[in-house]
Amino acid sequence: MVVVTAAIAQRNGMVLIARRLNKGRLPGKWEFPGGKAETGEGLEQCLKREIKEELGVEINIQGHFGTSIYEYPFGKIRLEAFSVEFISEEFDLKDHSEVRWICVQELGSYDLSPADLPFVESLKDSHR
């Protein structure tokens, strides 16, 4: 099973999502940004590295948000999500075509990656 991290950034009832490029795995899907852990790498270290590489920004990790396990046709992943705060928001996108701050209640309107879906309900519940 591959371990993957995800950043869940919230502010004023909004959450940040990113759209994957139209190539590779899950083309064009929306997701909570992050990426695969390297051998021997801690989860928080992985998430900070991935966000820097993919979005070009630094983050502060505020705590563990949740875990999702999903089996894609290409393999099974364990997605570890963390609540984060962006230190800056001058994004330099590498693996995404766009990022958006959207209302938490709008998450169901976006074509999110299946492994991210369990976090949607948790987010909606916390904003009711």
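The model is a predicted one. Going from the N terminus, I read the elements in the order β-β-β-β-α-β-β-β-α. I then checked the radius of gyration, which is 13 Å, close to the 14 Å that the globule rule gives for 128 residues, so the protein is as compact as a globular protein of that length.

Along the principal axes, the C-alpha atoms fill a box of roughly 35 × 30 × 30 Å. I noted an accessible surface of about 6700 Å², with 45% of it belonging to carbon and sulfur atoms. How much of the protein counts as buried? I found 43% of the 128 residues.

I turned to contacts along the chain. Among those between residues at least 6 apart in sequence, 66% join residues at least 24 apart.

Then I went through the aromatic rings. I count as a pair any two rings whose centres lie within 6.5 Å, and by this rule there are six aromatic pairs. One of them is Phe86 with Phe91, an edge-to-face pair at 5.4 Å centre to centre, with 90 degrees between the planes. Are these two residues buried or exposed? Phe86 is buried, at a relative accessible area of 10%, while Phe91 is partly exposed, at 23%. I also noted a cluster in which ring pairs link Tyr70, Tyr72 and Phe74.

Last, I looked at a charge beside a ring. The charged end of Arg11 sits over the ring of Trp101, and I have its distance from the ring centre as 4.0 Å.

How values were computed:
Residues are numbered from 1 along each chain as its sequence is written. This is a predicted model: local features need pLDDT of at least 70, side-chain atom pairs count only at pLDDT 80 or more; totals for chains, interfaces and linings use all residues. Side-chain values use heavy atoms; hydrogens and water are left out. Rings of Phe, Tyr and Trp (its six-membered ring) pair if their centres lie within 6.5 Å; planes under 30 degrees apart count as stacked, over 60 as edge-to-face and the rest as tilted. Buried means under 20% relative accessible area, exposed over 50%, partly exposed in between (1.4 Å probe, protein chains only). A charge sits over a ring if NZ of Lys or CZ of Arg is within 6 Å of the ring centre and within 35 degrees of the ring normal. Helices (H or I, at least four residues) and strands (E, at least two) are DSSP runs, numbered from the N terminus. The radius of gyration is taken over C-alpha atoms; the globule rule is 2.2 Å times the number of residues to the power 0.38. Contact means heavy atoms within 4.5 Å. Accessible areas come from the Shrake-Rupley method with a 1.4 Å probe; for residues, only the protein chains shown count as cover.
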